[in-house]
Amino acid sequence: MESFDKFKIWVLFICLISELGHGFYLPGSYPHKYGVGDFLNVKVNSLTSIDTELPYSYYSLPFCKPDEGVKDSAENLGELLMGDRIENSPYRFKMYTNETEVFLCQTKPLSGEEFKLLKERIDEMYQVNLILDNLPAIRYTKKENYFLRWTGYPVGIKVQDAYYVFNHLKFTVLVHKFEETNVARVMGTGDGSEVISTAGNSGSDTPGYMVVGFEVVPCSFQHTPDSLKNLKMYNKVPSAIKCDPRTVSMAIKENEPVAFSYEVNFVESDIKWPSRWDAYLKMEGAKVHWFSILNSLMVITFLAGIVLVIFLRTVRRDLARYDELDKEAQAQMNEELSGWKLVVGDVFRAPSNPGLLCAMVGDGVQILGMGVVTIMFAALGFMSPASRGTLITGMLFFYMILGVAAGYVSVRLWRTIFCGDHKGWVSVAWKAACFFPGIGFTILTILNFLLWGSHSTGAIPFSLFVVLILLWFCISVPLTLIGGYLGAKAPHIEYPVRTNQIPREIPPQKYPSWLLVLGAGTLPFGTLFIELFFIMSSLWMGRVYYVFGFLLIVMILLVVVCAEVSLVLTYMHLCVEDWKWWWKSFFASGSVAIYIFMYSINYLIFDLKSLSGPVSATLYLGYSFFMVLAIMFATGTVGFLSSFWFVHYLFSSVKLD
């Protein structure tokens, strides 16, 4: 008890400190203090396009390379899986030192292959992504009376039949004076290797600055050949460079070089360190997002409440009416009336393919647990967009750890179906460990071959493939088997009634029962289709998704609605003496995946109109299928477990001989 009291005191102390620090900021990276004149190195990420969804290396195009050579920055597992390839660049600034007409390099005369590749990348609307102090370069364009925000800038533009490249960049770096108290209020998970220690410098009068904004304006400028003679990298171009984004002049031609230059301007800003990501997260249409989500939540909650109230009143009234009768009247009622009371000897009869059902339910528990825990951590700020790749890395970590839950649930369900029999539990645990991961691995391998064939940075390197396989078989599979062992040792759930040896004949139905099962997914789909649009936009349109708090609410509501839909449908099937409820309860809520996949196809046709090429479409459909498969396992598991609990409770609450 003493240790627990000490733990509570520490928790309260930490909470008090965080409350006192009004600028407490969890996501992002550590603040980096730069003195005037310190070098700032710009990094480059993969070239990306919403037209093809195939990322490519920055240096796959004839751009200037740094004198020290191209070097990869340290990347985590999530960044590699997302196709990020962060490398150094020749762009180099000095803190709080404005520079203009800085010469970068002049390429060799463009070969026929380089010229063709540049034209293709311009046609496919590829964007150059630059990073300074963990901040992506942001670009503003004015449309009518408001500004649009974009990350990165286009490689070039096509005007009539000519192709122009943006070869001059105008950078604006927003800085904020370093405040010593900021360090005590900031926590993060960014580039720790770049942190400059400020210990012992509190009394120094040397001003320090932090980078709080990084903006870029791309221009196409035609340099005169005479002005570039004998210039080396970072020399000043003798002729003035006028950067006007509304005009283009640097047309690319075969067998002609391209000269690159830049300028940088430092501006002191009132933006503080914890708020420096606001420009990236406050996208246009935010109000529509909030009100749409709120409206959807209110409507779905109201409908779910009505369904729940009607359902509870019906079942309770039926139970109360049945319990008030004596045994003779109950026997007479069983003979005269039809309904769920007549399937008492068959309702717990083992379903077809019980091993597959147990494995799918176990995998569903693992996927659902991973989703809930990951979204909770993201909502708390541990996996913000400021820390690239942490969301995917966290999902993989939680998925592997929750293999224990998958093995435990699948094996315990297996033993329950067969009334406590231990036989075959190892096979069920293996199925749970390999069924969904095997399907996902097969899909991703096929898609990865397409990416390899396209020479895209989105392709997973072979070494990473080996790492993923080792993580699967050395961590996830053993944990699933351990969970299966615990499930085999745990007591099985005993049925409240006996099962007859001869199955009861199911009366003919007026309509196919599976038709109702497939239609049941419309209500769960209504809880998330608005949020689904924003998720799809962040995945395929290059936008930043950040409203994890709303996503957590939507996910909780989705779980509630899936449970209610499955309960109602199971009760309806039992009322018409259809005792084969096991698989139908799973797919009643799991059928929401069908509507999500149909929505994905609709999004491909009407929102991603510019998506070009069979490779891009195949990648989109492949990743979408993998996503809806995971959703089907998770939502189906919710429906099945809630229906199992309901059937067990229903037949254990009625006095039956």
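Analyst: Start with the nonpolar patch: helix α12 gives the most to it, with three residues. Keep in mind that this is a predicted model.

User: Which residues make the nonpolar surface patch, and what is its area?
Analyst: F449, W452, F462, V466 and L470 make the patch, and its area is about 520 Å².

User: Which helices supply at least two residues each?
Analyst: Those are α11, which covers 425–453, and α12, which covers 462–489.

User: Take V466. Where is it, and is it buried, partly exposed or exposed?
Analyst: V466 sits in helix α12. It is partly exposed, because its relative accessibility is 34%, and that class lies between the 20% and 50% limits.

User: New topic: D133. Where is that one?
Analyst: D133 is in the loop between strands β6 (130–132) and β7 (135–136).

User: Buried or exposed?
Analyst: D133 is buried, because its relative accessible area is 8% and the cut-off for buried is under 20%.

User: What does D133 touch?
Analyst: Leaving out residues up to four places away in sequence, D133 touches H32, Y34, V211, W273 and R276. With Y34 there is also a polar contact between the two side chains, at 3.1 Å.

User: And the whole chain? How many helices and strands?
Analyst: The protein chain has 18 helices and 15 strands. It has 657 residues, and 48% of them count as buried.

Methods: Residues numbered from 1 in each chain as written. Predicted model: local features only at pLDDT ≥ 70, side-chain atom pairs only at ≥ 80, totals over all residues. Heavy atoms only, no water. Helix = DSSP H or I, 4+ residues; strand = E, 2+ residues; numbered from the N terminus. Buried < 20%, exposed > 50% of the residue type's maximum accessible area, 1.4 Å probe, protein only. Polar contact = N/O pair within 3.5 Å; in protein donor to acceptor, adjacent residues only side chain to side chain. Contact = heavy atoms within 4.5 Å. Patch = residues over 30% accessible without salt bridge, like charges linked within 9 Å, V, L, I, M, F, W, Y side chains within 5 Å. Areas by Shrake-Rupley, 256 points an atom, 1.4 Å probe, with all protein chains shown as cover. Salt bridge = Lys/Arg side-chain N within 4 Å of Asp/Glu carboxyl O.
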